[in-house]
Every structure is written in structure tokens, then in C-alpha cells.
Amino acid sequence: MVRPVIIIGSGGHAKVLIAALLILRREIIGVLEADRDKHGGFLSKIPIIGDDESVKNYKPKEIELVNGIGSVGLPYKRMEIYQKFKKMGYRFAGVVHPSSIVMGDVQLDEGVQIMAGAIIQPGCRIGDNVIINTGAILDHDCIIGEHTHIAPGAVLSGSVHIGAASHVGTSATIIQGIKIGKNALIGAGSVVINNISTGSKAVGVPARNIIK
Ligand code: JB2
């Protein structure tokens, strides 16, 4: 039985998720929002029903959650939200936009979000709570660590490995076989032709580490 969902956060990323969930005909109970001024309002006609404590009105077995917190830098807030609710016993729903192309043997772990127009080729493995955002392209055998965000239009060639809680910026390009560590930030539009170590911030064409 497909359970109804509750979305966490009422910003731009939540709006994108609601559009996908409606196409997927998922029942959406409402949105949880930290900003009390928004309570009682709506996001894309979906009611903003309270703060995170309100989730306790629903038993873990009655619902699934959708992580509506995105990221523009490292996805720590998104990761914290995921870990907090997992500790409370809740499960996160995957969201795969019907216009995306996800090849048959691709492994999608819990709560993975694949947005409109994304393409994921055979052999890829996508970790818990990852966002593969609008129009991003992953060629064969890419491995994406949990909580990482591949931003809109990013292009990963074959066998790219990216560690947990990293962020690959909008329209960045990563050539085949590159390894990027955890907590690494790749700037928008960068072209990555060398491996990037954990904790780096790499920008430019070709991308260079700017954390000294
Ligand atoms: O702990 C929280 C919490 N912290 C912030 N719990 C709940 N339930 N909500 C929280 N929020 C709320 O999430 C903020 O008050 C805000 O309303 C929302 C975040 O929205 P924002 O528009 O700031 O960003 P976003 O996360 O929806 O989207 C970002 O990431 C996307 C991937 C933006 O940068 C987008 O442009 C981007 N496409």
C-alpha cells in the first residue's frame, strides 16, 4: 500500500518535489515548516500544517516523509533533517520524476530524488537522501555518496565517484573516472579533470582547489 507523504520544508526545492509528487499521483498530507509565520498557509496549494514536531501526529507506519530541504552549498542541513527523522523511526520516500530516464540496474537508496529530465545510465549507485537535480546526467557506473546533491544540468562522465555530503554545482562537468571526496564543493560551471580530495572547494575551468 502506497502511503501518503509529508514534505519537510516549504521553499523552492519543496515546490519542485510537490510538482513531481502530483504527477506521480502521490497523496500529500501537508508540509512541515520551521518558519511559524508560514503556518496555515499553502505551498502550491498544499497546506503548511506545522513545524517538525507536528510529524508526531502520524505514526511512522502511516506515512512516508519527503526531504524538501535542498542545498546551494554543502548539504549539511538536508543531512541533519534526514538523520533526525530516521532516528525517530520514519522512512523517506523516493521521488523519481516520470520524465527522468533511470536505467534498469541503477541502485537508488532511501529517499533519493531524481528530478525532471535527469538521465542515469546503467551501473550507477545512488546513496540515501541524494538529489539528482533537474536535467543532470550521470553516465555509466557512477557512485554517489549519501546526502550529496548533483545540481541542475551537471554532467558526470562514466565511473565518477563522489563521496557523502558533497555538492556538485549547476552545470559542472566531471570527466570520466574522477574521484571526489566527502564534503567537497564543486563550483557551478566548473570542469573537473583531476581527482578532488575530501573537504575541498574546487572551482573554475579546469577546476582548482581554492581552500588553502
Ligand atoms: O529544520 C527545518 C528547517 N530548516 C529550514 N525543518 C523544516 N520543516 N523546515 C525548515 N526550513 C525551511 O526550509 C526554511 O524555513 C525554508 O522555508 C525552507 C528552505 O527553503 P529555501 O527556499 O531556503 O531553499 P530550498 O532548500 O527549498 O532550496 C534550495 O536548494 C534547492 C536545491 C534553494 O537554493 C533552491 O534554489 C535550490 N534549487
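## Ligand contacts

A polar contact is a pair of N or O atoms within 3.5 Å; within protein, one must be able to donate a hydrogen and the other to accept it, and residues adjacent in sequence count only if both atoms are side-chain atoms. This is a predicted model, in which local features need pLDDT of at least 70 and side-chain atom pairs count only at pLDDT 80 or more, while totals for chains, interfaces and linings use all residues. Residues are numbered from 1 along each chain as its sequence is written, and side-chain values use heavy atoms, with hydrogens and water left out.

A polar backbone atom of Ser71 lies 3.0 Å from an oxygen atom of the ligand. The protein covers 67% of the 760 Å² of accessible area that the ligand has on its own (Shrake-Rupley method, 1.4 Å probe; for residues, only the protein chains shown count as cover). H1 and H2 are the elements that give two or more residues to the shell around the ligand (helices, H or I, are DSSP runs of at least four residues and strands, E, of at least two, numbered from the N terminus).

There are 20 residues around the ligand, and His13, Glu33, Lys38, Asp52 and Gly70 come nearest (a residue is near a molecule or strand if one of its heavy atoms lies within 4 Å of it). For His13, a polar backbone atom is 2.9 Å from an oxygen atom of the ligand. For Leu32, a backbone N or O atom is 2.9 Å from a nitrogen atom of the ligand.

E1 pairs with E5 in the parallel sense over four bridges (two strands pair if DSSP finds at least two bridges between them), and Ile7 stands opposite Val66 in E5. E1 also pairs with E2 in the parallel sense, over four bridges, with Val5 opposite Ile28 in E2. From E1 the chain crosses through helix H1 (residues 12–23) to E2 in a right-handed β-α-β crossover; right-handed means that, with the strands pointing away from the viewer, the path from the first strand over the helix to the second runs clockwise.

## Salt bridges

Seven salt bridges are found in a search of the whole structure (a side-chain nitrogen of Lys or Arg within 4 Å of a carboxyl oxygen of Asp or Glu). One of them joins the side chains of Asp51 and Arg36, at 3.0 Å from N to O. Asp51 lies in the loop between strand E4 (46–50) and strand E5 (64–67), and Arg36 in the loop between strand E2 (28–32) and strand E3 (42–43), so the pair ties together parts 15 residues apart in sequence. Asp51 is buried at 18% relative accessibility, whereas Arg36 is exposed at 58%.

Lys84 and Asp52 form a salt bridge of 2.7 Å, N to O. This pair links distant parts of the chain, with Lys84 in helix H2 (residues 76–87) and Asp52 in the loop between E4 and E5, 32 residues apart. Lys84 is partly exposed at 36%, and Asp52 is buried at 17%.

In the salt bridge between Glu53 and Lys56, the closest N and O atoms are 2.6 Å apart. Glu53 is partly exposed at 48%, and Lys56 is exposed at 52%. A network of salt bridges links Arg26, Glu64, Lys86, Arg91 and Glu110.

Note on methods:
Buried < 20%, exposed > 50% of the residue type's maximum accessible area, 1.4 Å probe, protein only.
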